[in-house]
Amino acid sequence: MSRILILLLGARCLIWAADADLILHNGKIVTVDPDFSVRQAVAVKAGKILAVGTNQAIMAERGANTRVVDLHGRMVLPGLFDSHVHPLGAGLSEFRAPLPPLDSVPAVQSYIRAMALKTPKGHWIVVPRTFPTRLSELRMPTRTDLDVDTDHPVAFDASYVWIVNSLALKMSNITRDTPNPPGGEIVKDKNGEPNGILKNAQSLLKMNRSETAGFTEAEKLQALQDQLKRYVIAGLTSINDRAVDAEQIALYRKLKAAGRLPIRAALTWRPDATPPAATLVKEINAANYHTNVGDDWLKFAAFKLTLDGGMTIGTAFQRHPYGPFGKQLYGKTNPDDRGQLFIPPDKLLTVMRAARNRGWQLTTHDQGGGAVDAWLDCLEALDKEKPIRETRSFVMHASFQSPAAIARMKKMGVLADTQSQWLYHDGEALQKVFGEEGMRYFFPLRSYLDAGIIVAAGSDHMIGHDKNRAVNPYNPFLSMWIEIARKTDRGQVIHPEEKITRAEALKTHTIWGAYIQFSEKQKGSIEPGKLADMVVIDRDFMLCPEDQIKDIQPVMTILDGKVVFE
Ligand SMILES: [Zn+2]
């Protein structure tokens, strides 16, 4: 008797187990499985994909409590990934007030005048991160441009280059006699006076440059949570924060503990690379985290050091000089200048070896071609000691590639973390500096894929809340469109031979995004047993006119089997 009861209970459990929590049917489910198959319907249970198939087969999973959504033919994609964001700084940037577009010198000047009205005399005014490639004048501002206000020290934050006004120079005691800091330059005018441009010399400024300065912990938590929610509304379900320090790690952990983490986050630890190698090695060995520590919601990704500067400010370390137009665009004094490598090769190797031995996936910010080569030299030295392939280490940005560097990556199994938004906003200005030929291997996605190199795509979102107007825009459909069309914001096509297909672009934002996180068995496609992360969109990604791809809107985001946005 008891045996029959157990059998009956067992059968009942089986039937009950088939009751889906959620069914999406009557649509086009782009699964991104190995066959890239498109199905009619999908069922979800307990946060996982239960089944994918025909309307009829999936509706059989319907139970009394199943929510059934008729897609009316709409398309469903796997939840999208952004492989490269900086949500805390972005969240805080407009936390108190919205930022106007800073796209010309007069726009920057009116921002300074407006801030001067509400800032106490003598307090710093910071123009948030923007670049000369995005100013209509296509030139680096100098202190004269920022001297529209003489009651406040003013600093223009261009990331690895800062430009300040005369009062800021005075308050920081920067004069014609101040020596350049190691690896940095106080740029001088023709009379030998500082012209306000500080290249990797911003540490001389007597100010708190931290972007989190002046915010309480509660405000930082709120700004981070709000920005992560904006990502979900944009159709993203997984992100890589590509530069966290101990403070930011603590903020993410607090959000998660309080049930306030709206998206799956993987964190790339970037310690300050200025201390000596021995100090950094100690720090690496003392940290109680490394790649893959964590769970499906919050885990650690790569270990990162910043190897060179930026291409939008002329400090990325290139294979060739920046030349005559570089002089105007970047305010350079030496036309033979190739930019800056921040870390000497022996130090880079020592620190990266320690990180690899602690279980880290490795990366550097390597923007210029010279930095890409230096980073691959380091990886090659490590690869000789022990194959690097299994660490899934990668180049980050790697804007200026070469066939030789791509071949080295292929040989070692090195991946790429790319952001085509730099092509969209800066491609035309950069082409003026480097010429048509110099841009041949600029974000060469086709060359990567043809070489079998896995590409994870992101935005490098760092300032602003709006998905299309932020620096950089984090709208994943815009990102995929740039990969497909290689068009700039002014309509020029940059090296169409590097275009990739719609299916490939989708993979850079799904399954390959998962691969670079060691999560391709849990996420990145709509297959039974995987986490139920999906996005329903308002038109057909595969068939709509190409220029409409960037305008696609998410109508529903499903994360962990729950509808979190509709
Ligand atoms: Zn970044």
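1. **The zinc site.** In this predicted model, three protein residues donate atoms to the zinc ion: His84 through NE2, His86 through NE2 and Asp460 through OD. These donors lie 2.1 to 2.2 Å from the zinc ion. Along the sequence, the spacing of the donor residues reads H-x1-H-x373-D.

2. **What the site joins.** Where do His86 and Asp460 sit? His86 is in the loop between strand 8 (80–85) and helix 3 (87–93). Asp460 is in the loop between strand 20 (455–457) and helix 16 (476–485). The pair therefore ties together parts that are 374 residues apart in sequence.

3. Is His86 buried or exposed? Its relative accessibility is 17%. Buried means under 20%, so His86 counts as buried. Asp460 is buried too, with a relative accessible area of 5%.

4. Look next at helix 13, residues 403–412. Its buried residues are Ala405, Ile406, Arg408, Met409 and Met412. Seen down the helix axis, they fall within an arc of 160°, so they line one face of helix 13. An α-helix has 3.6 residues a turn, so residues three or four places apart point the same way.

5. **Helix 13, the other side and the cover.** Ala404 and Lys411 are exposed on the other side of helix 13. What covers the buried residues? The cover includes helix 12 (369–385) and helix 15 (445–450). It also includes two strands, strand 18 (394–397) and strand 19 (415–418).

6. Gly413 follows helix 13. The phi of Gly413 is positive, near 75°.

7. **Overall make-up.** The chain has 18 helices and 23 strands. Of its 566 residues, 59% count as buried. Now take contacts between residues at least 6 apart in sequence: 72% of them join residues at least 24 apart.

8. **Size and surface.** How does the radius of gyration fit a compact globule? With 566 residues, such a globule would have a radius near 24 Å. The chain has 25 Å, which agrees. Along the principal axes, the C-alpha atoms fill a box of roughly 100 × 55 × 50 Å. The chain exposes about 22,500 Å², and carbon and sulfur atoms supply 54% of that area.

Methods:
Residues are numbered from 1 along each chain as its sequence is written. This is a predicted model: local features need pLDDT of at least 70, side-chain atom pairs count only at pLDDT 80 or more; totals for chains, interfaces and linings use all residues. Side-chain values use heavy atoms; hydrogens and water are left out. Buried means under 20% relative accessible area, exposed over 50%, partly exposed in between (1.4 Å probe, protein chains only). Helices (H or I, at least four residues) and strands (E, at least two) are DSSP runs, numbered from the N terminus. The arc is that of the directions from the helix axis to the C-beta atoms. Contact means heavy atoms within 4.5 Å. Donors are N, O and S atoms within 2.8 Å of the metal (3.2 Å for Na, K and Ca); water is not among the atoms, so sites may look incomplete. The radius of gyration is taken over C-alpha atoms; the globule rule is 2.2 Å times the number of residues to the power 0.38. Accessible areas come from the Shrake-Rupley method with a 1.4 Å probe; for residues, only the protein chains shown count as cover.
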